[in-house]
Amino acid sequence: MATVSFRMDDTLKRETESILEELGLNMTTAMTMFAKTIVREQRLPLDLSIDPFYSAANQARLKRAIENYESSKTGSNRKSMEELERMAEDDA
């Protein structure tokens, strides 16, 4: 039997152990289950993704939209469907 050691933030470790205890597991059992799932499925058993809201492109688009909105506060901010479609095409 091998020993595996890794570093983890103290708070994260305590919170993880608390949840595992509620499930009737300890850290060793949970990590063994995780490793066995990796081997069996030949992948990380996690759904990893980056929230597109925080992407640089989306943040720039939001900034432009805010600037456009703020610059047109005194005038009408209504757009036709054609104008909205053109704006979407320009941002794409």
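A residue is called buried when its relative accessible area is under 20%, exposed when it is over 50%, and partly exposed in between. Ala-30, with a relative accessible area of 12%, is therefore buried. The model is a predicted one. The chain contains 4 helices and 0 strands, and its radius of gyration is 24 Å, whereas a compact globule of 92 residues would have one near 12 Å.

**Overall form**

- From the N terminus on, the elements follow the order α-α-α-α.
- Taken along the principal axes, the box filled by the C-alpha atoms is roughly 70 × 30 × 25 Å.
- Buried residues account for 7% of the 92 residues in the chain.
- The accessible surface of the chain is about 8600 Å², and carbon and sulfur atoms contribute 55% of this surface.

**Residues in the helices**

- Leu-20 belongs to helix H1, which spans residues 10-22. Its relative accessibility is 10%, below the cut-off of 20%, so Leu-20 counts as buried.
- Between the C-alpha atoms of Leu-20 and Asp-90 there are 49 Å in space, and the two residues stand 70 apart in sequence.
- Ala-30 and Arg-7 are 23 residues apart along the chain, with 16 Å between their C-alpha atoms.
- Lys-63 is placed in helix H3. Because its relative accessibility of 52% is over 50%, Lys-63 counts as exposed.
- The C-alpha atoms of Lys-63 and Ser-18 are separated by 41 Å, and these residues are 45 apart along the chain.

**The loop between helices H2 and H3**

- Gln-42 lies in the loop that runs between helix H2 (27-41) and helix H3 (56-71).
- Most residues other than glycine have a negative phi. Gln-42 is not a glycine, yet its phi is positive, at about 55 degrees.
- Is Gln-42 buried or exposed? With a relative accessible area of 66%, Gln-42 is exposed.

**Aromatic pairing**

- A pair of aromatic rings is described by the distance of the centres and the angle of the planes.
- Two rings count as a pair when their centres lie within 6.5 Å, and by this rule there is 1 aromatic pair.
- The pair is formed by Phe-53 and Tyr-54, whose ring centres are 5.0 Å apart and whose planes make an angle of 85 degrees.
- Why is this pair edge-to-face? The angle of 85 degrees is over 60 degrees, so the arrangement of Phe-53 and Tyr-54 is classed as edge-to-face.
- Phe-53 is partly exposed, because its relative accessibility of 40% falls between the two cut-offs. Tyr-54 is exposed, at a relative accessible area of 58%.

**The largest pocket**

- Rolling a probe the size of a water molecule over the atoms shows where empty space is left.
- The volume of the largest pocket is about 310 Å³.
- Which residues line the largest pocket? The lining consists of Met-1, Ala-2, Thr-3, Val-4, Ser-5, Phe-6, Met-27, Thr-28, Met-31 and Thr-32.
- By residue class, the lining comprises 6 nonpolar and 4 polar residues, and no charged ones.

Note on methods: Residues are numbered from 1 along each chain as its sequence is written. This is a predicted model: local features need pLDDT of at least 70, side-chain atom pairs count only at pLDDT 80 or more; totals for chains, interfaces and linings use all residues. Side-chain values use heavy atoms; hydrogens and water are left out. On a 1 Å grid over the protein atoms alone, a cavity is a set of points where a 1.4 Å probe fits but cannot get out, and a pocket is an open set with protein on both sides within 12 Å along at least five of seven lines; lining residues have an atom within 4 Å of a point. Grid points are joined across faces, edges and corners, and a volume is the space filled by probe spheres set on the points. Ala, Val, Leu, Ile, Met, Phe, Trp, Tyr, Cys and Pro count as nonpolar, Asp, Glu, Lys and Arg as charged, and the others, Gly among them, as polar. Helices (H or I, at least four residues) and strands (E, at least two) are DSSP runs, numbered from the N terminus. The radius of gyration is taken over C-alpha atoms; the globule rule is 2.2 Å times the number of residues to the power 0.38. Buried means under 20% relative accessible area, exposed over 50%, partly exposed in between (1.4 Å probe, protein chains only). Accessible areas come from the Shrake-Rupley method with a 1.4 Å probe; for residues, only the protein chains shown count as cover. Rings of Phe, Tyr and Trp (its six-membered ring) pair if their centres lie within 6.5 Å; planes under 30 degrees apart count as stacked, over 60 as edge-to-face and the rest as tilted.
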